[in-house]
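Student: I'd like to learn how to read a fold, one feature at a time. Can you walk me through it?

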Amino acid sequence: MPEFTLWDITRNLLLAARWTVLLSLIAFAGGAIVGLLVTLARVSKFKALRLLMRGYIELFQGTPLLMQLFLAFFGLSLIGIEVSPWVAASLALTLWSSAFLAEIWRGCVEAIPKGQSEASASLGLSWLEAMRYVILPQALRIAIPPTVGFSVQVVKGTALASIIGFVELTKAGTMLNNATFQPFTVFSLVALMYFALCYPLSLYAHSLEAKLHAARRT
Amino acid sequence: MKLLQTLLATACLAIASSQAAHADALADIQAAGVLKVAVPQDFPPFGSVGLDLQPQGYDIDVARLLAKGLGVKVELVPVTSANRIPYLQTKKVDLVISSLGKNAEREKTIDFSIAYAPFFLAVFGPQEAGVGKAEDLAGKTVGITRGSVEDLELSKIAPASAELKRFEDNNTTISAYLSGQVGLIATGNVVIAAIAAKNPPRLPVEQFKIKNSPCFIGLNKGEPALQAKVNALIEAAKKDGALEQLSQKWFKAPLPDLGA
């Protein structure tokens, strides 16, 4: 058994943290794009579409992410579709985060007073134009705190990708703990790195909120 | 997790039984020139990681030995005890060499080679714990890895008042013992040997044996050619002392009789 120095542990954890960052970015970018579409469908005029999206959201919010990852990787290859771990992880994380983001954003869109859309309609704006120029810009401001709050969840949720073979921060932590038997050192470092990833996100949210409020006051 | 495994195993079984084996895995491996092996990375000395986070251990060396015997390259796929069978069933690997124990439930879904590694399960604890048999566990808490063979076995024989605290992997079970969260731990001889080598403050000693269960190599059902070849290679490695050498290297003990 090789002897691990503190630097060896830190170095390996930092290397693994790259995957945590990359998976988070994929989950968040993919989730934001799909989530926006789902949000729009969720508040659209068509009842069937609204119900369909509601089902989509309930499905992905109501089942564990671990299971979604598992099914995306092993389930798809059982029915003959070969997927790489990257495809499976991107797919599962995107679907999962889009469901949560869509529900957060639906709340934000519906929080905008009805008079705003009525006023837009009376100005002759189409539904899409009203969304783009009137409703969404206002909803954006309310959406920032819960969205950032959720993005912190996404960062921590990527740890589950280890079930399909990703050696990200948490997985690297358990592997190192196994080789070193120093749980306190290893997991303290893991926790610190998660904090270092998540805290700047929260800070950024605060500054964004302040900025958008100021813009509103002028 | 347990439910998930059962569900998936059932699904796999249904699909596996509905389709005949069209290809011969041994021929496929030789044609590809690569043997894909699922190996552990959280279970020293079978498999753990080195300074570069690459897997190393008894199972990894056995995988290399087999690949050499087959005349192909080896590709190591690190797995956990929760996902090693799905990796095999979905043909993402050819063999599982991952301290795999044999039981009737598993034999329904996959096939096994002959035994290739020594392994016995026992309850361990501090010298003064004084637990000599399963009945002595009454009122005590035992740390155990969920879904492992020791979990299945100890659940059968432990008295109702004994609390089995289940953890997701071996590593967490060990941590729980070392940090004092559980007073006793049920695990394998090899795990304890690896802990002992690190000189922890609460050195676990054997209290009583639960089961002697050597490890087998797992492979998909309906692959008689691959199975025969793997068995022949293990037999040869037993005879020429290669396994003995690996046992000395990783378990620091001579290779016991593994049986059939």
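Tutor: Let's start with a helix on a sheet: helix 9 (residues 224-239) of chain B lies across strand 6 and strand 12 (215-219) of chain B, at about 10 degrees to strand 6 of chain B. Axes are lines fitted to C-alpha atoms, for helices over the stretch in contact, and angles run from 0 to 180 degrees between N-to-C directions. Helices (H or I, at least four residues) and strands (E, at least two) are DSSP runs, numbered from the N terminus.

Student: What sort of model is this, and how is it numbered?

Tutor: It's a predicted model: local features need pLDDT of at least 70, side-chain atom pairs count only at pLDDT 80 or more, and totals for chains, interfaces and linings use all residues. Residues are numbered from 1 along each chain as its sequence is written, with chains lettered from A and ligands numbered from 1 in the order in which they are written.

Student: What is the strand order of the open sheet in chain B?

Tutor: In general, strands of a sheet pair through backbone hydrogen bonds, either parallel or antiparallel. Here, five strands of chain B form an open sheet in the order 4-1-5-12-6, with mixed pairing; two strands pair if DSSP finds at least two bridges between them. Strand 4 (73-79) and strand 6 (111-117) of chain B are at the edges with a single partner strand each, so one side of each has no neighbour in the sheet. On average, neighbouring strands are turned by 25 degrees against each other, direction ignored.

Student: How many bridges join strand 1 to strand 4 of chain B?

Tutor: Seven, and strand 1 (residues 34-40) of chain B runs parallel to strand 4 of chain B. One spot to look at is B:Val34, opposite B:Lys73 in strand 4 of chain B.

Student: Which strands does helix 3 of chain B touch?

Tutor: Contact means that C-beta atoms, placed from the backbone, lie within 7 Å. Helix 3 (residues 58-70) of chain B packs on the sheet and touches strand 1, strand 4, strand 5 (95-100) and strand 6 of chain B. Its direction makes about 165 degrees with that of strand 1 of chain B.

Student: And where does chain B meet chain A?

Tutor: There, 28 residues of chain B are in contact with 21 residues of chain A. Helix 1 (2-18), strand 2 (48-49) and helix 7 (170-178) of chain B each give two or more residues to that side. Helix 1 of chain B has the largest share, five residues.

Key: Two residues are in contact if their C-beta atoms, placed from the backbone, lie within 7 Å.
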